[in-house]
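This report describes the chains of a protein assembly and the interfaces between them. The sequence and structure are shown first, and the description follows.

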Amino acid sequence: MSTAGGRVAGNDRLAHWVFIATTVVLCGWVLVPIWLLISNTLSTASEVNSFPKPVVPSLNTENIQFFLTFHGAGNALWNSIQVAFATMIMAISVGAPAGYALSRFDFRGKNAFRVLVLMTRAFPLPLLALPMAILFIRVGLDDTVIGLAIVHTTLALPFAVLITFSLFSGIPIELEEAAWTLGCNRLQAFRKVILPLVLPGLAASAIFAFVISWNEVFAAAVLTIEHRTLPAFLLQSLDDAPLHLKFAGGTMLVLPALIFIFLVRKYLFAMWGIANR
Amino acid sequence: MNPRTLPYWLLAPALVFLCVFFLYPFSLVAWQAIATDEGVLTTQYLQRMASHWKFDRALTNTLLLTAAVVPIQLSLALLMATMVSKMNRGRDVVLYIWTIPLGISDLAAGLIWLAIFDQTGFLNSALFGLGMIEQPVTFLGYQNKTTIFVAVMLAEIWRATAIMLVILVAGIGLIPKEYNEAAEVFGAGRWKRFTKVTLPLLKPSLQTALVLRVILAFEVFAVVSALGGTNLPVLMGEVYDWQFKLQDSHIAASYALLILAISIAFTLLIMGLLRTPKGAQTT
Amino acid sequence: MAEINIKNVAKQFGKTHALHSIDMTIKHQEFVVLLGASGCGKTTLLRIIAGLETATSGEVWIGDKRVDGLAPKDRGIAMVFQNYAVFPHLTVYENIAFGLRMAKLSESEVERRVQRTASLMHIEQLLKRYSGQLSGGQRQRVAVSRALAMEPDVILMDEPLSNLDALLRMEMRAELKSVLAESNTTTIYVTHDQVEAMSMADRIAIMDQGQIVQADSPVEIYRNPAAHFVGSFIGNPPMNFLSANNAGNGQWLVGNTTIAGPQSDKPILEFAIRPEDIRVGEGSMTVEVRLLEPLGSHTLLACRLGDTPFRVIVDSDRAVKVGETLAIDPIAERIRWFDPDTQLAL
């Protein structure tokens, strides 16, 4: 008996270590490539282009400075920020009311609307850039921040609707009803009760919209020429730019994403849990 | 405001937005692919697309990449999701780390793996350090199509497993623990519990994860551009080239229509294969 | 004066009728309980009075004001919700003050009313806390304070105690009753718990399938159910029902015993008697004991009379065995008769 028990315990311990080892390996699988990019960015240009590479980067900011002063790069960064902000504002201000309507009302056509929103998932949305390029020329929105932001909003809107829907659904309707019986009209009840409660979640979905826009390459590359965003700028310079510039640009793209995912991490799962249905 | 019309007012902006900037443009794409500028229906653009020398390779590469990447991602995401569901200490940290790629753009992912596979990249340095090579290898040169393919595969797996992971973790969170405990009481082992209880109950999440992932796989573009340049043509890259370099938006639209068609076909296929019978849902 | 008049109120959801033409008058300061199983329409009726739901047709009057077109805030009501609906982002103090601030009362008046209702509900020491730091019972008290602080004409309560555990529920029941009795308000209280209804109400309105079947004092409802449904719903265990054949001249054959009943031409009536209104060991009716449920003060016998289940309550001192045949005698003045066609009492 005791030996059998010992073997079981031994197996358990082994399984435990395998579990931990797998976890560590998978964490490394995610983190090491990012570190390599950043380490390249923090090396000197000659280190980046040398072979074999030194193990520890020389930790200087020469590449970053080079990137920021490189023709068009700073502008691209600024354009990216503008487009992402515009996307964020449009996606939330258009999506949140729809999410609220879906969570609070039963009405004719509700399902049709849900289907429309879900349908966007089956479509390769960046392709929207093609017809929009033509439309925008007609209305004078070609190569503008707002034009690109509109296409990015189309990408972010379905998420904004579904996420805000789940946020509002998470707040018992009785809270709102209680506010009505205590002297609020609909708007007051929303402002005094619902808004304070959904604000963190709303911020998270706004950040999510920001990230979607920040990362989008295809539409940005198709729709902008003078006002390139950072990804579009990097894509365009893939062929001719020196390696260290690419890596510095890549790091500039990655860093905000790291921070943003950290900020919204609590909401990621709640968002996707509901988006499943 | 009248509670009967209020929901429609709230919905109106999103509805208008989707009609004007989603439904209408897509109909334009379809129209451009099958009609001339004068509005005459034609198949000449589709034919020209299909007879172009890069068409077969772009289509094959895209489908092959999807076929190679998605199953690995699905298994990996399932493994990670089950591991997360068993963690107590450190769960939050591990989850954060594993979901980091979710926020990283495909272009950045391409650049990250370029830092590894480039001629002066870390892989060459590492191999040299281990004494396995004496000269740097050009992994991403035009004569090494296979290593380009593998590099793109790795970058895609690295980047886009997180989205499946998040959906599956959320899905597993929705399954009440009692089902697994009941199965355990009835004598089901770990593997049996996973295949007979968890997986079937996870069907709706698997469906979402697969649909989303497969469609994204058909849109693969920036990773390939960063790693392979023109050496590994893919459908989305062809759209870009025809639109920009060759300035023929009809052919670009034809490619777009093709991507749209296979996306919809696969969505329907996945939804059909992973259908949950009515009344068998958990919630 | 806050008399509530409900005139012809009906509610349809799509094709289902949630409420069929309800008429009811609730007197000033009366405590009325709407009692019924889930889905009977009691909550819908309450929400229509509150203005959270619009009736398909009919009128609602509070005092001499017709309110069915008005928003909830303009009806002079306050409501306590089943899940309490205590605002999680506000302190207890701010929760109670919420409605008062909306009404733009002076800060000193707000302070006075919050303190008064908080002490009434014994939560003065909780005023600085948030909802997340409160137990279910404490949240309940906050919700009631918040409603009382409005000094409304009408308080509406939707199953306010159903989320509390049994002991707490009993305590709150007594407390609520006395607080509301002193508050000069008219109260409509929805519950599915008949003990709650019996112990608190001035008047109980029993609802079934969107209709009020009977509205009477608790004792009247218990002793003289107006319909089969009421007898089978009220009382634990409920009334026994047996089929009675007309033996002519107001005599009815129940089982194999003839019992004096109403004069009627109907071939069959329904005989009903409560399990405790039966003398055991005498009389000519016999039942077979199938199961004993000792409940302490008394013992519940699940019996059969022929094929029909029949329950009898006996003193727990009495020795009864399973399988025994008992002679029983229903107390004549407690027997009730129902028409099997209309389901109504005769």
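## Chain A

In this predicted model, chain A has 277 residues, of which 58% count as buried. Its secondary structure consists of 12 helices and 0 strands. Read along the sequence, the pattern is accordingly α-α-α-α-α-α-α-α-α-α-α-α.

The contacts within chain A can also be described by sequence separation. Among contacts with a separation of 6 or more, 71% are made by residues 24 or more positions apart.

## Chain B

Chain B contains 13 helices and 0 strands. From the N terminus on, its elements run α-α-α-α-α-α-α-α-α-α-α-α-α. The C-alpha trace of chain B spans about 75 × 65 × 35 Å along its principal axes. Of the 283 residues in this chain, 54% count as buried. Residues 24 or more positions apart supply 70% of the chain B contacts that have a separation of 6 or more.

One helix of chain B may be considered in detail. Helix α10 of chain B covers residues 203-218, a run of 16 residues. From its first C-alpha to its last, α10(B) reaches 22 Å, which is close to the 22 Å expected at 1.5 Å a residue. Helix α10(B) is mostly covered, with 13 of its 16 residues buried. As a general point, an α-helix has 3.6 residues a turn, so residues three or four places apart point the same way.

## The interface of chain A and chain B

At this interface, 80 residues of chain A are in contact with 91 residues of chain B. The two chains bury about 7900 Å² between them, and carbon and sulfur atoms give 83% of that area.

What polar and charged pairing is found between chain A and chain B? The count of salt bridges is 0, while 6 residue pairs are in polar contact, both residues of each pair being at pLDDT 80 or more. On the side of chain A that touches chain B, helix α12 (residues 243-275) gives the most, with 16 residues. By class, that side of chain A comprises 60 nonpolar, 13 polar and 7 charged residues.

## The interface of chain C and chain A

Chain A also meets chain C: 18 residues of chain C are in contact with 17 residues of chain A. The area buried between chain C and chain A is about 1600 Å², and carbon and sulfur atoms give 77% of it. Which residues of chain C lose the most area to chain A? They are K73(C), H89(C) and M102(C), which together account for 33% of what the chain C side buries.

Between chain C and chain A the count is 1 salt bridge. This pairing joins R47(C) to E177(A), with the closest N and O atoms 2.6 Å apart. The elements that give two or more residues to the side of chain C that touches chain A are β6 (77-80) and α2 (92-102) of chain C. Of these, α2(C) gives the most to that side, with 3 residues. By class, the side of chain C that touches chain A has 12 nonpolar, 3 polar and 3 charged residues.

Conventions:
Residues are numbered from 1 along each chain as its sequence is written. Chains are lettered from A and ligands numbered from 1 in the order in which they are written. This is a predicted model: local features need pLDDT of at least 70, side-chain atom pairs count only at pLDDT 80 or more; totals for chains, interfaces and linings use all residues. Side-chain values use heavy atoms; hydrogens and water are left out. Helices (H or I, at least four residues) and strands (E, at least two) are DSSP runs, numbered from the N terminus. The expected span of a helix is 1.5 Å times one less than its number of residues. Buried means under 20% relative accessible area, exposed over 50%, partly exposed in between (1.4 Å probe, protein chains only). Contact means heavy atoms within 4.5 Å. Buried area is the accessible area (1.4 Å probe) that two parts lose on being put together, summed over both. A salt bridge is a side-chain nitrogen of Lys or Arg within 4 Å of a carboxyl oxygen of Asp or Glu. Ala, Val, Leu, Ile, Met, Phe, Trp, Tyr, Cys and Pro count as nonpolar, Asp, Glu, Lys and Arg as charged, and the others, Gly among them, as polar. A polar contact is a pair of N or O atoms within 3.5 Å; within protein, one must be able to donate a hydrogen and the other to accept it, and residues adjacent in sequence count only if both atoms are side-chain atoms.
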